[in-house]
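Reader: I have a model open and I want to learn how to read it. Can you take me through some features, one at a time?

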Amino acid sequence: MASSTVRPTAQGHSQDHSQDRSQDHSQDDDVARRLLDSAAVLAYDPATEVDWETPLDRDYHGASPEWSSLYGTAYWQELTEAQRKELTRQEAASVASTGIWFEMILQQMVLRDVYAKDPTSAEVQWALTEIAEECRHSIMFARGAQKLGAPAYRPHRAVMELGRAFKTLAFGEAAYAAILVAEEVLDVMQRDWMRDERVVPFVRTINNIHVVEESRHMKFARDQTRKRLVGAGRIRRQINAFVIAIASYYIVTSMVNRKVYANAGLDERRALAEAKANEHHKSMMRSSCSGLMEFLASARLLTKPALAFYKRANLI
């Protein structure tokens, strides 16, 4: 008799816990489910959407001139229009190559994060959808850089090795906030490029595809960053804020490879010196990150040590 009185009670508790878990699961999946719905309605196949067949028209820029690292410098004023266009094409290819590098890091971090989670959940299915989109983006960027007549630009070897360590060790809010930094910076500049009729049409298409699909990735990264920080103590926030800032510094400072200047036919040493001192470009970078910095501040990830790296990268 005792056992018969216990069973219904245990079953009732089991059902209650199951319902609680189901409710928590549903709340956690809410953002992911909306993103899956969006991807089902609005997604692109770069293999067919981008005009890969038309030869490169060298009368166009590769990016909005105002985003060039030399725009506004004395050296820029000396360049012919053809040289300026070649420089922006090389710089756009360098940004694309950096994007490929970080998207490979992103894919591994996200896959590692969901490795042991429930594959039937919307969160895991969205994560796999995001990885699939990032794979297509990387191929799209690679073909775009090739069509722009650029080599395979890569970050400095030391930065590549730091990226290898980061993708292996970063988790939780550190991983997702770093993903957000890379995506936010690219998003702002590419929104300008995709609307600029001075930019070669196939690059504008690439930028449009990336902006539309990355908007979903940014929503997921923000949501995950907030969720992972719930209940986080001061020390954890301090450590992760510092890690995110260091990752951000190396991502942003790797966007324009120093070899773009020589490949555009310029004096590399002079171009580097003027680019480093270019206040216009620093201002453009800061403006592109205003929303990002507001988010990091709201998440209490803008600590004094972190701010030092953001300032060095001209993000604040």
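Reader: Let me start with one side chain. Is Q83 buried, partly exposed or exposed?

Author: This is a predicted model, so keep that in mind throughout. The general idea is to compare relative accessible area with two cut-offs: buried is under 20%, exposed is over 50%, and partly exposed lies in between. Q83 has a relative accessible area of 28%, so it is partly exposed.

Reader: Where is Q83, and which residues does it touch?

Author: Q83 sits in helix α4, which covers residues 81-114. Leave out residues up to four places away in sequence, and Q83 touches E78 and L266. For a sense of distance, take Q224. It is 141 residues from Q83 along the chain, and their C-alpha atoms are 43 Å apart.

Reader: Now the whole fold. How many helices and strands does the protein have?

Author: It has 14 helices and 0 strands. Read along the sequence, the pattern is α-α-α-α-α-α-α-α-α-α-α-α-α-α. The C-alpha atoms fill a box of roughly 95 × 45 × 30 Å along the principal axes.

Reader: What share of the residues counts as buried?

Author: Of the 316 residues, 50% count as buried. Look at contacts as well. Take those between residues at least 6 apart in sequence: 83% of them join residues at least 24 apart.

Reader: Which residues touch the most other members of the largest nonpolar core?

Author: Look for the core members with the most partners. The largest nonpolar core has 94 residues, and L70, L87, M189 and Y261 touch the most other members. Follow L87 as an example. Beyond its neighbours within four places in sequence, L87 contacts S68, L70, W76, L79, V260, Y261, A264 and L266. L266 is also one of the residues that Q83 touches.

Reader: Which residues of α9 are buried, and what do they pack against?

Author: The buried ones are R237, N240, A241, I244, A245, A247, S248, Y249, I251 and V252. They pack against α4, α6, α7, α8 (201-229), α12 and α14 (304-312).

Reader: Next, empty space. How is it found?

Author: A probe the size of a water molecule is rolled over the atoms, and this shows where empty space is left. Here the largest pocket holds about 1,100 Å³ of space. It has 40 lining residues, and V252, T253, S254, M255 and V256 lie nearest its centre. The elements giving two or more residues to that lining are α4, α7 (172-195), α9 (234-253), α10 (259-263), α11 (268-276) and α12 (279-288). V252 is also among the buried residues of α9.

Reader: What is the make-up of that lining by class?

Author: The lining of the largest pocket has 21 nonpolar, 12 polar and 7 charged residues.

Reader: And what is the volume of the second largest pocket?

Author: About 430 Å³. Its lining has 19 residues, with I100, W101, M104, R154 and M160 nearest the centre. α4, α5 (122-147) and α6 (157-169) each give two or more residues to this lining. α4 gives the most, with 6 residues. By class, the lining divides into 12 nonpolar, 4 polar and 3 charged.

Reader: One last residue. Why does E197 count as exposed?

Author: The cut-off for exposed is over 50%. E197 is at 63% relative accessibility, so it counts as exposed. E197 is in the loop between α7 and α8.

Reader: What does E197 contact?

Author: Beyond neighbours within four places in sequence, E197 contacts Y60 and R204. Y60 is 137 residues from E197 along the chain, yet their C-alpha atoms are 8.6 Å apart.

How values were computed: Residues numbered from 1 in each chain as written. Predicted model: local features only at pLDDT ≥ 70, side-chain atom pairs only at ≥ 80, totals over all residues. Heavy atoms only, no water. Core = buried A, V, L, I, M, F, W, Y, C linked by side-chain atoms within 4.5 Å. Buried < 20%, exposed > 50% of the residue type's maximum accessible area, 1.4 Å probe, protein only. Contact = heavy atoms within 4.5 Å. Helix = DSSP H or I, 4+ residues; strand = E, 2+ residues; numbered from the N terminus. 1 Å grid on protein atoms, 1.4 Å probe; cavity = no way out; pocket = protein on both sides within 12 Å on 5 of 7 lines; lining within 4 Å. Points joined across faces, edges and corners; volume = space filled by probe spheres on them. Nonpolar A, V, L, I, M, F, W, Y, C, P; charged D, E, K, R; others polar.
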